[in-house]
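Subject: Structure handover: helix packing

Hi,

Here is the structure I promised to pass on. Please open it alongside this note; my findings follow below.

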Amino acid sequence: MTFSKIARHGLFATFLIAFGAISTLATAQISSKSVVSTPQVRAELMAHAPEGADPGKTVWVGLQLAHQPEWHTYWKNSGDSGLPTSLQWTLPPGVMAGDIAWPVPKKIPIGNLANYGYEGTVLLPVPLTVTPDFKPSVLNNDIEIKLRAAWLVCRKECIPEEGEFTLRVPVRGSTALNGAAFDAALKAQPIALTGASRVEIHGNALQVSVVGLPPALQGKTLDLFPETPEVIETAAQWTQGWQGAVWTARLPLSPQRSQSPALMPLVLAADVGGQRQGYLAQAQVVGTWPGVAAAEGVSPALAAALKANASAATAPARPAAALALWAAVLGALLGGLILNLMPCVFPILAIKVMSFTRHADDRRGHRTSGLAYTAGVVLSFVALGALMLGLRSAGEQLGWGFQLQSPAVVAALAVLFTVMGLNLAGLFEFGQFLPSRVLLLESKNPAANAFLSGVLAVAVASPCTAPFMGASLGLALGLPALQALLIFAAIGLGMALPYLAASLIPAVARLLPRPGAWMDTFRRAMAFPMFATVVWLVWVLGQQSGIDGASALLALLVALSLVIWSLTLAGAARGVIATVSIAIGAMLLLAIGQNVVKPLDVPATTAARADRWQSWAPGRIDQLLATGSPVFVDFTAAWCVTCQYNKKTTLANPEVLAAVDARKVVLLRADWTRRDPAITAALSELGRNGVPVYVLYKNGRAPVVLSEILSVDEVRAALESL
């Protein structure tokens, strides 16, 4: 019986994709909605309580806004136009929210206007004080935090957006998953200055004098951000200088000024030691303010922008954005094509080609089979992509290959490939176990046969990331759903393209070998790649559930093989031996089955087993860069075949290791074998959502992301550039 029959008979490949989703949901512990995504912004409510949330403790919460390229939101003083992000909290009695600890913004010029705001990713942290009046529920020992947030996101057009978020923080126990993000946000707070800074009013200008700045800043050009809105003309030219240790500036007043403060908080910012640092001066105002303009609900510029862009959400993409999308689609198509050469996919494709060769003279059947196979591959990629995007929008930190992070899915795949291997080796034929009605249905539906072959191919291919796929998949996460699914569909089309070409183009089909006796030998030989795949899956499970889990899976696979063999026997012996075999398998499943999915506790100090490699952890890169050491990070997973190939070849190459030692590069390994939201977030920051990813960091320069399939020359060249 052909490979395509194997795919259809069990309908098991379809079940595996659904099972991966169920397993992921079952282990996710989703207790709330903490993420809201729009085409412009991904907003997530985060918490940080490393010492728990007992009375007397301060819990940090914050809204993280991840902007699409060229989009921005606003600081507490938005500048000439815009509105600051607002947060409205609903908290239990005895828990009080403080003000937003605004990170230092940047100046964003737009035409003849200038705004203060944030691009890229920013976290707006807020301290929550847990007072002795807080009394947790007997049944629910958590703090339930609800947030209604509103933000204005702008490019040249502006779109008001909002979201409602809910998060639960355990009173006892550590909540420190987002520690690195909160540490970075708090480090971005301006440092308060001491001394008598002042602002003197001179007609239609302000003369500013700031004292107490660090000596290292003297002589430097600083950025200025007044916290009080609608006082200065933000986009106008202004002057600054130094008088000894005192920084001075002359700022023009805004013609639409509506504020007359007696105290002006001023944030100054500069690069210090390669890092942007802010300083906060409380400047007393000296002099008499001139008359103010009439107050308005929003600035004229903002009102015009909102009116002109009331339907901006449906506006066509800019040419540059459209070009980036189509470049990502092309990369996805090429990546899908190369995916056929990955070790985890090639055995499946080889058997599919054999099936194609068997019916070489049926041109019409070939076309139907090719189109059905392509539909199975493309729709499966789209379904898997939609599932991943849906789970991420629900707050799950997931990336490509997420289903292989579940031991249950790994074990199910091992069972599937064991059965396929036994069939290919000739131990049994599926027709022995199926009623004649099913066999007749099979012969009448070859298209369904081919479709399910495509589904199975995707189930096997999903852990792999081929060249060109990484950047495309990373971009897909930030796109609207339809555009993201277009990228997943392109990957599927690329993967199905060789078989589709052979089915539609006679010249390609003629290149395939003719049918003959060799096909039976080839079929039996293909059993061994299947068994090799089982070995790999058992090894992956061992990384997830330990030696006990791998041993339990092996024992269950042997028991399964015994059951299948017993069912092929004839005569009275079949009933007796099959009954005993099934009983043995059931007892083993009850006795040791739980070991297969049991989590493996790996101490952080021993997670990276090679002496050269240290374990990656949130904030670890920044710590090492602060010491002056370059850092090379290997984002990997046991179920990623490409990762293991690179690990055993390029990353173990003596020339590469010598270059690492010569430049004193610290090696970190981020193991994504089991689901780790911190690693998922780190990959997202790099524009990736799958492994392998290799990144070289050096203080003062942007991270360098290397290719998915590493070469010695590429790594050495990157190291020599340090």
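Start with the bend in helix H16: it is about 50°, at Leu590. Bear in mind that this is a predicted model.

H16 covers residues 572-596. Its 25 residues reach 35 Å from first C-alpha to last. That is close to the 36 Å expected at 1.5 Å a residue. Which residues of H16 are buried? They are Ala578, Ser581, Gly585, Gly593, Asn595 and Val596.

Next, the partner of H16. The axes of H15 and H16 come within 8 Å. They cross at roughly 170°. The cut-off for roughly antiparallel is over 145 degrees, so H15 is roughly antiparallel to H16. By class, their contact has 17 nonpolar, seven polar and two charged residues.

H15, residues 527-567, also meets helix H8, residues 407-424. Here the axes come within 6 Å and cross at roughly 25°. Angles under 35 degrees count as roughly parallel, and H8 and H15 are therefore roughly parallel to each other. The crossing of H8 past H15 is right-handed. What classes of residue make up the contact of H8 with H15? There are 22 nonpolar and six polar residues, and no charged ones.

In short, H15 has H8 roughly parallel to it and H16 roughly antiparallel to it. For your own look, the places to start are Leu590 in H16, where the helix bends, and the contact of H8 with H15, with no charged residues.

Best wishes

Note on methods:
Residues are numbered from 1 along each chain as its sequence is written. This is a predicted model: local features need pLDDT of at least 70, side-chain atom pairs count only at pLDDT 80 or more; totals for chains, interfaces and linings use all residues. Side-chain values use heavy atoms; hydrogens and water are left out. Axes are lines fitted to C-alpha atoms, for helices over the stretch in contact, and angles run from 0 to 180 degrees between N-to-C directions. Helices (H or I, at least four residues) and strands (E, at least two) are DSSP runs, numbered from the N terminus. Angles under 35 degrees count as roughly parallel, over 145 as roughly antiparallel, 65 to 115 as roughly perpendicular and the rest as oblique. A crossing is left-handed if the near helix is turned anticlockwise from the far one by less than a right angle, and right-handed if clockwise. Ala, Val, Leu, Ile, Met, Phe, Trp, Tyr, Cys and Pro count as nonpolar, Asp, Glu, Lys and Arg as charged, and the others, Gly among them, as polar. The expected span of a helix is 1.5 Å times one less than its number of residues. The bend at a residue is the angle between axes fitted to the seven residues ending there and the seven starting there. Buried means under 20% relative accessible area, exposed over 50%, partly exposed in between (1.4 Å probe, protein chains only).
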